[in-house]
Amino acid sequence: MRKICDFHTHSFFSDGELLPSELIRRAVDKDYAVIGITDHAGMSNMDSIIDNVYRDCQIAEKYWDIKVIPGIEITHVPAGYIAQCAAYARGRGVGLIVVHGETIVEPVEPGTNHAAICSGMVDILAHPGFLSQEDARLAAENGVFIEVTARSGHSLTNAVVVQQAMSAGAHLLINSDSHAPRDLMSKDFSRRVGLGAGIPLDHIDTVLFKNPELLLQRIAASSRTSFK
Ligand SMILES: [Zn+2]
Ligand SMILES: [Zn+2]
């Protein structure tokens, strides 16, 4: 697989600008192989996101040459409730669960990174800010993917994230966290985001192409064929 895989984007079912269907169409136009649509979710809107986004994903995937993964981004949920929230999503068949990590530009509750990594239900810890060595080690142990983000603000700590994840052996991914059409990445831009964050040249293809395949295998194993 040599096309872009982007596992973190938003539609207007949370704070993105586009209908899921338009977001997917624009990803096809950008030559994406895979797009995950992961709208911000807490327990208040979880069911409506799952129901609404899933329909467009199913239809788009049937007619267009792209793999579409409906997911969620658990966002500003109390750290103590993240495992239950993720378990609820998994119970409804959500195959891609992202947690909105401890970015330094928002007051995310300290302990959110740790709760996500230890929940056993989370696939990607997004923009984790000052990821600790202990959490990076646990992420490696639990198979949680750590995000290097193209999103401004959240990306301020990308260098720390890369250093901690790589020294612990945790898998990295580069995601756009798109909220608007202009945020979707070209392959070249995605590569530059990774290299700019300090991913070594001899490791960048692993992050861009091999790690997404590992995540796709994990998603295939955990998701169901239809939502409940
Ligand atoms: Zn986020
Ligand atoms: Zn996001």
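Predicted model: local features only at pLDDT ≥ 70, side-chain atom pairs only at ≥ 80, totals over all residues.
Reader: Which residue of β4 is the bridge partner of I72?

Author: The partner of I72 in β4 is I97.

Reader: How many residues of β4 are buried?

Author: Five of the five residues of β4 are buried, so the strand is largely enclosed by the rest of the structure. Both of its faces are covered: L96, V98 and H100 lie on one side, with I97 and V99 on the other.

Reader: Let me turn to the metal. Which residues are the protein donors of the zinc ion (ligand 1)?

Author: The protein donors are E73 through OE, H100 through ND1 and H127 through NE2. They lie 2.0 to 2.1 Å from the zinc ion (ligand 1).

Reader: What spacing do the donors follow along the chain?

Author: For the zinc ion (ligand 1), the spacing is E-x26-H-x26-H. E73 belongs to strand β3 (residues 67–74) and H100 to strand β4, so this pair ties together parts that are 27 residues apart in sequence.

Reader: Are E73 and H100 buried or exposed?

Author: E73 is buried, with a relative accessible area of 0%. H100 is buried as well, at 3%. The cut-off for that word is a relative accessible area under 20%.

Reader: And the zinc ion (ligand 2): how many Å apart are the two zinc ions?

Author: The zinc ion (ligand 1) and the zinc ion (ligand 2) are 3.2 Å apart. E73 coordinates both of them.

Reader: Back to the sheet as a whole. In what order do the strands come?

Author: Seven strands form an open sheet, in the order β1-β2-β3-β4-β5-β6-β7, and the pairing is parallel. At the edges stand β1 (4–6) and β7 (172–175); each has a single partner strand, so one side of each is left without a neighbour in the sheet. From one strand to the next, the twist averages 30 degrees.

Reader: What holds strands of a sheet together in general?

Author: Strands of a sheet pair through backbone hydrogen bonds, in either a parallel or an antiparallel manner.

Reader: How many bridges are there between β6 and β7?

Author: Strand β6 (residues 145–149) pairs with β7 in the parallel sense over four bridges. One of the residues involved is T149, whose bridge partner in β7 is N175.

Reader: One more topic, the surface. Which residues form a nonpolar patch there?

Author: The patch is formed by I104, V105, F130 and L156, which together have about 420 Å² of accessible area.

Reader: Where is V105, and what is its relative accessible area?

Author: V105 sits in the loop between β4 (96–100) and α4 (112–118). V105 is partly exposed, with a relative accessible area of 44%.

Definitions and conventions: Residues numbered from 1 in each chain as written. Chains lettered and ligands numbered in written order. Heavy atoms only, no water. Patch = residues over 30% accessible without salt bridge, like charges linked within 9 Å, V, L, I, M, F, W, Y side chains within 5 Å. Areas by Shrake-Rupley, 256 points an atom, 1.4 Å probe, with all protein chains shown as cover. Salt bridge = Lys/Arg side-chain N within 4 Å of Asp/Glu carboxyl O. Helix = DSSP H or I, 4+ residues; strand = E, 2+ residues; numbered from the N terminus. Buried < 20%, exposed > 50% of the residue type's maximum accessible area, 1.4 Å probe, protein only. Donors = N, O, S within 2.8 Å, 3.2 Å for Na, K, Ca; no water. Pairing = 2+ DSSP bridges. Axes fitted to C-alpha atoms, helices over the stretch in contact; angles between N-to-C directions.
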